[in-house]
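Try each task before reading its solution.

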Amino acid sequence: MASTAGTDRLAQLKAFDDTKAGVKGLVDAGVTAVPPIFHHPPDPHDAASNAHAAAATIPVIDLASISATNNAAAHHHQLVAQVKAAAETVGFFQVVNHGVPGELLARMLTSVRSFNEEPAESRRPYYTRDPARRVRYQSNFDLFHSPAANWRDTIFIESVAAPEEMPPAFRDVVPEYTRQVRALGAHLLALLSEALGLDAGYLQRDAGCLDGGPALGCHYYPPCPEPRLTLGTTRHSDPSFLTVLLQDDAVGGLQALVGGGGWVDVPPLPGALVVNVGDFLQLMSNDRFKSVEHRVVAVPGTAAARVSAACFFRPTGAAASSRAYGPLPDLVNPPEAPRYRSVTTVEFLGYHRQKGLDGRSALDQFRLLP
């Protein structure tokens, strides 16, 4: 019986994937019920979320600089303290006055929406499960590995992709957007370095946290007919040093698992960018910084699609396979011992892709036993 059920599920997954139209294709076909391959069991933290949310919020940090006459040194010290507190506790924060123009943010979101709302035949040439492709459109990278599929389509654009490899909707905006976010990433890494008590250039220069990238994951969450049965994105943490997320300011649905107590909304804030610590930074900081699990719920009562663009800072090219990352020697001094073994990006991402978004942290695979 179980074997028959497994065969039926595999057939349903293949039939869905073969359309190369994603979840958007289901919506365009007029589905009124969520197919079983998208059904998720209830999350055990849901019951605690309402009470926990009242006591927890995601910090908003203003990155605006001030002149020396207004005590810039004191302001910088305060900024480092805010970033440190966020990275060590909730692992998430939003930044405003970050230097990325609002017009560019709007164009980026428009490009994500435009591509996903083109006719299916225009999207299909980019649909692939080949990890060697530098531009990959697909629904659920872990479709055949995860316990349940997510109500989401994604186009992933590697940092080395040329504009002509991208769909037309992205060619005029992605190069400039990733350039601007990379500059922001350098600023954030400097603040995080200081938050660890290190030189401002340490994470970028000595630890290689800005080697390559950022890679761009553009997500499209179509309206869902039965939101209580599925998720936009399963509970997970990011296999990156740092993630900078642009989410639309209308739909919402992003939640972080703060302190293990319950889900807390990361509310859309016009003009803001969401920043979260990734698995590699938790590993390298020897658990000082927290790579917090998060998810996207399917929002009830909305006819609009949710769109977002996530920039993942992680090594690419030769560094991905040749450089091993472990707890930073400057942070591991007796009696404190390393809590993780060293790992390359290729090994870490390989494990992450193989296990899929199954609700387990990939960090556990590389943690050293006490």
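**Exercise 1.** This is a predicted model. Find the residue whose side chain makes a polar contact with that of Thr 154, and give the distance.

*Solution.* Start at Thr 154: a polar contact of 2.8 Å joins its side chain to that of His 219. Then list the surroundings. Leaving aside neighbours within four places in sequence, His 219 is in contact with Val 112, Arg 152, Asp 153, Thr 154, Arg 306, Val 307 and Ser 308.

**Exercise 2.** Decide whether His 219 is buried or exposed.

*Solution.* The cut-off for buried is under 20% relative accessible area. His 219 has a relative accessible area of 10%, so it counts as buried.

**Exercise 3.** Explain why β12 can be called largely enclosed.

*Solution.* Count along residues 306-313: 8 of the 8 are buried, so the rest of the structure largely encloses β12. To check the faces, recall that side chains in a regular strand alternate between the two faces of the sheet. On one side of β12 sit Arg 306, Ser 308, Ala 310 and Phe 312, and on the other Val 307, Ala 309, Cys 311 and Phe 313; all are buried, and both faces are covered.

**Exercise 4.** Describe the largest pocket: what is its volume, and which residues are closest to its centre?

*Solution.* The volume is about 770 Å³. Of the 34 lining residues, Phe 141, Arg 152, Phe 156, His 219 and His 352 are the closest to the centre. By element, β12 gives the largest share of the lining, 4 residues. Elements that each supply at least two include β4 (153-157), β5 and α12 (345-355).

**Exercise 5.** Which strands stand at the edges of the open sheet of 4 strands?

*Solution.* Write down the order, β6-β11-β8-β9, with antiparallel pairing. β6 (231-236) and β9 (262-265) each have a single partner strand, so one side of each lacks a neighbour in the sheet. The twist from one strand to the next averages 30 degrees.

Terms used
Residues numbered from 1 in each chain as written. Predicted model: local features only at pLDDT ≥ 70, side-chain atom pairs only at ≥ 80, totals over all residues. Heavy atoms only, no water. Pairing = 2+ DSSP bridges. Axes fitted to C-alpha atoms, helices over the stretch in contact; angles between N-to-C directions. Buried < 20%, exposed > 50% of the residue type's maximum accessible area, 1.4 Å probe, protein only. Polar contact = N/O pair within 3.5 Å; in protein donor to acceptor, adjacent residues only side chain to side chain. Contact = heavy atoms within 4.5 Å. 1 Å grid on protein atoms, 1.4 Å probe; cavity = no way out; pocket = protein on both sides within 12 Å on 5 of 7 lines; lining within 4 Å. Points joined across faces, edges and corners; volume = space filled by probe spheres on them.
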